Each structure stands twice: as C-alpha cells, then as structure tokens.
Amino acid sequence: MTDPSSPPAATALDHAHMAHALRLAERGLVTTRPNPRVGCVLAHGSEVVGEGWHRLAGGPHAEVEALAAAGSRARGATAYVTLEPCGLHGRTPPCADALIAAGVARVVIASEDAAQEAGGALERLRAAGIAVECGLLREAARELNRGFFSRIERGRPWLRLKLAMSLDGRVALADGASQWITGAAAREDVQRWRARSSAVLTGSGTVQADDPRLTLRLAEAGDTPIPPLLRVVLDRALRTPAGAAVLDGSAPTLVVHAVDAVPVDARFARVECVPVATTVETGLPRLDLPAVLSLLAARGVNELQVESGPVLGGALFAAGLVDELLLYVAPVLLGDRAQPLLALPTLADMASRWRLRTIDRRAIGADLRLLLRPD
C-alpha cells in the first residue's frame with residue numbers, strides 16, 4: 001500500500017529534466033572548487049523556462065542563474081536541482097530563499113547536502129508551501145561531486161592515484177628514469193584529470209628523480225578561469241633540492257614536513273611549509289598520511305591527485321587511503337630490473353590480495369587508460 005504522505009514517483013519527464021541538470025552541473029567540472037558542481041533546470045511540464053550551473057566559487061549558484069534566465073516564468077515551475085539548495089548566507093545569499101521568492105511550486109533534488117543541514121533549507125521550502133522531493137538520480141549526483149562529499153562526510157579528500165606503467169608492470173628503469181613511458185595523448189589526458197582536482201601531490205623522492213613542475217597547462221574552461229591548482233610535496237626531512245621546479249613560486253605550493261625539520265633556508269621562501277606528525281612503519285619514520293589528508297580537507301581540497309613513485313603510492317594503497325587508481329598502460333616492456341608499480345607488503349596468501357573493480361577503460365592514443373576502485 002502506498003504511503004499517502006510520500007512524494008509521487010518520479011516520471012520519465014522528471015528523469016529527463018534532472019539528467020539535463022546533471023549535464024549542466026558537469027560544465028563546472030574544473031572551475032567550481034572548493035564548491036560542488038551543481039546544475040538547475042526550471043520547467044513547466046516539458047518546457048524548460050530557465051537553466052543554469054555554478055561556474056565559479058563566489059559567483060552565482062545554479063538556482064540563481066536559472067531563476068534569472070526564467071524571470072517571471074519561474075512562478076509555478078518545478079525546479080530540478082542536483083544538490084540541496086543552500087540555506088545559509090555564505091559568499092552569496094541562500095538559494096532556498098531565492099526559490100521561495102520566485103514562487104516555484106515544486107523542487108526536485110538529486111542529493112541532500114550534509115554541509116547544509118544547519119541552514120534548514122528544506123524545512124523553509126516546505127513551510128512556504130513548496131513540494132520538495134529528494135533522491136532522483138542521487139548516485140549520479142554524488143558521483144559527480146565525489147570529492148566534495150568525501151571532504152564533508154569523511155573529513156578527507158577523494159584520493160586518486162595516477163600511475164603509468166609498461167606492459168610488464170614497471171614504472172621506471174632501475175636508475176629511476178621514467179620520462180616518458182606513455183605517449184603525448186596520455187600525458188595530455190593527465191592534464192584534464194589534474195584540472196578537475198583541487199591539488200596534486202607527490203613525494204620528495206619523485207621531485208629529486210624527475211623534477212616535475214606539477215602545474216596545470218589549462219587556463220580556462222570556456223570563458224571561465226580555472227582556479228589555481230595547489231601543489232603538495234611530502235618532504236619529511238626537507239630534502240627537496242634548491243632549484244626544484246616545485247619551489248619556483250609559479251603555483252600555490254605546500255611542503256609538508258616533519259615537526260623536527262625546520263625550513264630555515266631560502267629554498268622555501270616562495271612556498272608554504274607546514275609540519276605534520278610522523279609515524280613509524282616498517283622501522284622507518286613516515287609522515288602521518290591520514291593527518292596530511294585531514295590538513296588538505298581543512299584547506300578545501302575535494303579531489304586530490306597523487307602522482308608519485310612506488311613507495312608513496314604503495315604506502316597510500318596499503319593504508320586504504322586510495323579511492324581510485326588512474327592507470328595508464330603503455331605497449332612497451334622495461335624488463336625485470338625496472339621499478340615495480342607499487343611497493344606493497346608481502347601477502348601471506350592469495351586470499352589477501354587487493355581486489356579492484358574496473359570503472360572505465362579506454363584507449364588514449366597508443367596507450368590504455370584504466371580507472372579502477374578498490375572493492
């Protein structure tokens with residue numbers, strides 16, 4: 001028997017409008033950080049009268065853009081919003097109040113937002129006589145904002161480990177040389193994944209071996225500037241050499257080091273240095289990796305892309321901190337003396353093996369790209 005107090009089942013038209021709102025939200029994929037990506041559609045039946053998406057932190061929210069496009073036709077419309085409208089006054093006024101003032105009749109929300117609970121947006125909408133329904137295409141909306149939800153709900157960024165390997169599972173020659181295993185198309189693809197991230201992180205070993213710049217070559221998405229990408233270097237003993245590209249001040253940079261390491265020389269004049277506690281694993285001191293992630297979450301980092309060597313990558317993986325593995329496989333062989341993909345603990349038996357599920361696979365130029373997540 002149907003509960004008479006429950007909202008009516010979503011129609012095919014509701015699904016179509018919410019799918020449209022999600023496509024709008026995706027336009028802000030690389031520009032909204034640290035805010036979530038949000039889209040909004042206003043419709044009377046099948047007719048769309050207004051649409052919008054959040055473009056840039058500090059700019060109008062998706063609902064405000066859609067209301068401006070709809071004008072007076074917003075009255076009596078249904079608003080399809082991919083994330084619960086904000087109820088608190090932040091950089092912009094509450095979107096819940098804007099929807100009420102515009103006279104919309106119904107609000108359909110894909111996903112609730114734990115960050116908005118104190119704002120009472122849904123209660124205010126309902127108190128104004130607006131029908132509110134939640135959950136339509138919720139999983140798709142959460143997937144689009146997996147970094148934002150990770151930061152708000154888990155207190156740490158969504159961590160993506162990017163690796164490139166040969167067919168025989170090697171990431172560098174025995175002497176550490178790794179440029180370039182993959183082709184130009186794969187390296188360009190990595191730039192797009194960096195662009196959707198809030199920060200890119202590496203270890204001091206990779207800095208010493210490869211001297212990466214870790215910068216973003218993309219400047220704009222359409223007509224919207226892409227916010228600067230934070231570079232993060234884990235350097236427990238402050239061994240990053242003078243002249244390293246990550247110390248050049250060309251991008252915001254955070255060097256995370258042990259409490260007993262003091263950055264006193266001019267090498268670090270153009271970057272920010274922050275101490276973090278250390279732990280002892282396998283007899284060696286190491287930066288407390290969960291503490292590093294908490295630090296980055298407190299700075300608004302939603303998606304964190306790690307581009308490191310096998311030691312740091314293996315430590316993150318073994319600690320259960322890797323949310324997804326972005327793996328590029330090149331059709332080359334490097335031999336058994338080359339460095340392995342990850343430095344992982346020895347397993348006692350096959351039952352203990354790490355299991356991954358494939359989310360996506362596709363050819364990128366001559367290489368294969370796999371997106372995998374731990375089971």
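Predicted model: local features only at pLDDT ≥ 70, side-chain atom pairs only at ≥ 80, totals over all residues.

Leaving aside its neighbours within four places in sequence, which residues is Leu 161 in contact with?

A: Once neighbours within four places in sequence are set aside, Leu 161 is in contact with Val 306, Ser 308, Gly 313, Phe 317, Val 322, Glu 324, Leu 325, Leu 326 and Leu 342. Leu 161 also belongs to the largest nonpolar core, a set of 37 residues. It is listed among those with the most contacts inside that core, together with Leu 201, Val 232, Leu 234, Leu 296, Leu 304 and Leu 327. In soluble globular proteins, nonpolar side chains tend to be buried together.

There is also a second, separate core of 25 residues, and Val 38, Ala 96, Ile 109 and Phe 148 are included in it.

Now let's visit a residue with an annotation. An unreviewed UniProt entry lists Glu 63 under "active site". Glu 63 sits in helix H2, which covers residues 62–70. With a relative accessible area of 3%, Glu 63 counts as buried, because buried means under 20%. Not counting residues up to four places away in sequence, Glu 63 touches Cys 40, Val 81, Leu 83, Pro 85, Cys 95 and Leu 99.

Searching the whole structure turns up two cavities of 30 Å³ or more. The largest cavity has a volume of about 100 Å³. Its lining is made of 16 residues, with Thr 32, Arg 33, Asn 35, Arg 37 and Asn 302 lying nearest the centre. By type, the lining of the largest cavity has four nonpolar, eight polar and four charged residues.

Note on methods: Residues numbered from 1 in each chain as written. Heavy atoms only, no water. UniProt positions renumbered as here; feature names shortened; annotations may be inferred. Helix = DSSP H or I, 4+ residues; strand = E, 2+ residues; numbered from the N terminus. Buried < 20%, exposed > 50% of the residue type's maximum accessible area, 1.4 Å probe, protein only. Contact = heavy atoms within 4.5 Å. Core = buried A, V, L, I, M, F, W, Y, C linked by side-chain atoms within 4.5 Å. 1 Å grid on protein atoms, 1.4 Å probe; cavity = no way out; pocket = protein on both sides within 12 Å on 5 of 7 lines; lining within 4 Å. Points joined across faces, edges and corners; volume = space filled by probe spheres on them. Nonpolar A, V, L, I, M, F, W, Y, C, P; charged D, E, K, R; others polar.
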